[in-house]
Amino acid sequence: MSAKGQHKCVLCDSKLDSKEGLQEHFRKHANKEIDTRGRPVRNSKNADTKCDVCGQSFDSVTATIRHRFKVHSNSSTKFYCHYCGMQFPLKTHRDNHQASHDSIEGENKDQHKKCEDCDVIFYNKKALDYHYRSIHKRMVHLYQPIATPPPSNKIKVNSMNDALSVYYCHLCGVEYIVKFNLQQHLERAHTQEEREAVPEDLIKCTVCAALFCSKKAYDVHNSYHQPDDLYVTSEEQRLQTVTKVDQDFDIRRVEAVANKYVPKTNISKRPAKHWSKKGKVQRLKKSKREEYLSSDNDLAGANDSSDSESDLPLKQRLAS
């Protein structure tokens with residue numbers, strides 16, 4: 001017989017007296033009857049399908065979220081986690097998420113930070129910084145992205161046989177195919193001081209010409225090189241090889257907007273009418289038929305070597 005409290009829930013750390021009790025506890029998690037801290041969730045189904053702005057209820061959570069962003073897209077009502085700064089589409093989602101945080105984190109009033117742009121209170125500076133970057137600085141990052149080094153001479157081919165540039169972090173050596181992912185890495189993994197610091201010396205990769213600020217970053221970078229890797233030897237060759245427009249949006253690789261409105265070569269969609277002699281004769285008036293058939297310019301039988309009298313002009317056949 002098992003000891004009391006021996007069976008522990010891996011989702012909320014609750015301790016159950018028996019295996020059967022633990023199984024019943026798991027079923028409550030699956031049915032959303034209890035949250036990630038083992039506490040009962042009240043009216044979870046109704047809350048998940050009810051619009052927090054107008055109070056209208058829907059058949060599913062998906063329909064509720066779709067309504068929320070379609071009908072109330074300009075609503076000032078937003079739901080942010082006060083502990084970490086994440087945004088959620090519905091209040092109940094935010095509340096369920098916040099239950100996963102330790103409530104002690106928000107008890108210290110001296111650490112509370114207020115967003116100057118939307119007046120939302122966050123329980124620590126880290127949450128405020130995440131909120132500001134993901135919400136208020138999002139558009140700024142689109143027009144003023146974090147500076148990154150140019151791609152290396154290495155290229156990769158994806159499953160669609162598109163040749164793509166390879167980007168790398170000059171501070172720690174990790175490799176990315178998508179430049180935006182590298183920008184996110186630089187923002188999250190390296191401080192602004194690290195990104196803007198002037199390196200004492202640079203180490204250049206002899207294989208792909210990438211530059212690094214430290215020997216450690218260079219060693220990490222070298223671990224990505226494989227014997228079957230592909231490389232370009234110049235930027236001109238890259239422009240010819242990399243067919244897919246990358247995150248640099250190189251204007252040389254983008255078709256000019258005006259080209260879309262320049263008319264193409266005027267080629268009639270109707271097939272050319274290569275009329276036969278018989279077809280043309282049918283379209284001529286009766287008075288013109290004999291003239292056409294007896295014309296010296298008649299080419300209808302030019303490629304036919306038959307001696308049949310039907311190949312002779314009509315007047316000769318009538319005279320004979």
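Predicted model: local features only at pLDDT ≥ 70, side-chain atom pairs only at ≥ 80, totals over all residues.

**Entry 1: the whole chain.** I looked up the secondary structure and found 13 helices and 13 strands in the protein chain. Of its 320 residues, 27% count as buried. For the accessible surface I noted about 23400 Å², with 50% of it belonging to carbon and sulfur atoms. Among contacts with a separation of 6 or more, 34% come from residues 24 or more positions apart.

**Entry 2: the annotation.** I checked UniProt next. Its unreviewed entry carries the annotation "domain: C2H2-type" over residues 7-34, 49-77, 79-106, 113-136 and 167-195. I then took two of these spans in turn. Residues 7-34 are 43% helix and 14% strand, and their end C-alpha atoms are 17 Å apart. Residues 49-77 are 38% helix and 0% strand, and here the end C-alpha atoms lie 17 Å apart.

**Entry 3: helix α1.** How far should the 12 residues of helix α1 (residues 19-30) span? At 1.5 Å a residue I expect 16 Å, and the end C-alpha atoms are 17 Å apart, which agrees. Then I listed the buried residues of α1: Leu22, His25 and His29. They sit on the same side of α1, because they cover an arc of only 60 degrees around the axis. Turning to the face away from the buried side of α1, I found the exposed residues Glu20 and Ala30.

**Entry 4: helix α7.** I repeated the exercise on helix α7 (residues 179-189), where Lys179, Leu182, Gln183, His185 and Leu186 are buried. Their arc around the axis is only 160 degrees, so they lie on the same side of α7. What do the buried residues of α7 pack against? I found β9 (167-168), β10 (175-176) and α8 (192-196).

**Entry 5: the cysteines.** I searched for disulfides and counted 0 in the structure. Cys81 is in no disulfide, and its nearest cysteine sulfur, that of Cys84, is 3.5 Å away. The cut-off matters for this pair, because a disulfide needs sulfur atoms within 2.5 Å. Is Cys81 buried or exposed? Cys81 counts as buried, because its relative accessibility is 0%. Cys213 is in no disulfide either, with the nearest cysteine sulfur, that of Cys169, 8.4 Å away. Cys213 has 26% relative accessibility and so counts as partly exposed.

**Entry 6: His221.** I found His221 in helix α9 (residues 215-222). His221 has a relative accessible area of 2%, so I logged it as buried. Which residues is His221 in contact with, leaving aside its neighbours within four places in sequence? My list reads Gly173, Cys205, Cys208, Ala210 and Phe212.

**Entry 7: positive phi in two loops.** A reminder to myself first: most residues other than glycine have a negative phi. That made me stop at Asp119, which is not a glycine and yet has a positive phi of about 65 degrees. Asp119 is in the loop between β5 (113-114) and β6 (121-122). Ala209 is not a glycine either, and its phi is positive at about 70 degrees. I placed Ala209 in the loop between β11 (203-204) and β12 (211-212). With a relative accessible area of 34%, Ala209 is partly exposed.

**Entry 8: Ala163.** My last stop was strand β8 (residues 163-165), where I found Ala163. Ala163 is buried, because its relative accessible area is 9% and buried means under 20%. I also checked its C-alpha against that of Arg238, 75 residues apart along the chain, and the separation came to 9.3 Å.

Terms used. Residues numbered from 1 in each chain as written. Heavy atoms only, no water. Helix = DSSP H or I, 4+ residues; strand = E, 2+ residues; numbered from the N terminus. Buried < 20%, exposed > 50% of the residue type's maximum accessible area, 1.4 Å probe, protein only. Contact = heavy atoms within 4.5 Å. Expected span 1.5 Å × (residues − 1). Arc of directions from axis to C-beta. Areas by Shrake-Rupley, 256 points an atom, 1.4 Å probe, with all protein chains shown as cover. UniProt positions renumbered as here; feature names shortened; annotations may be inferred.
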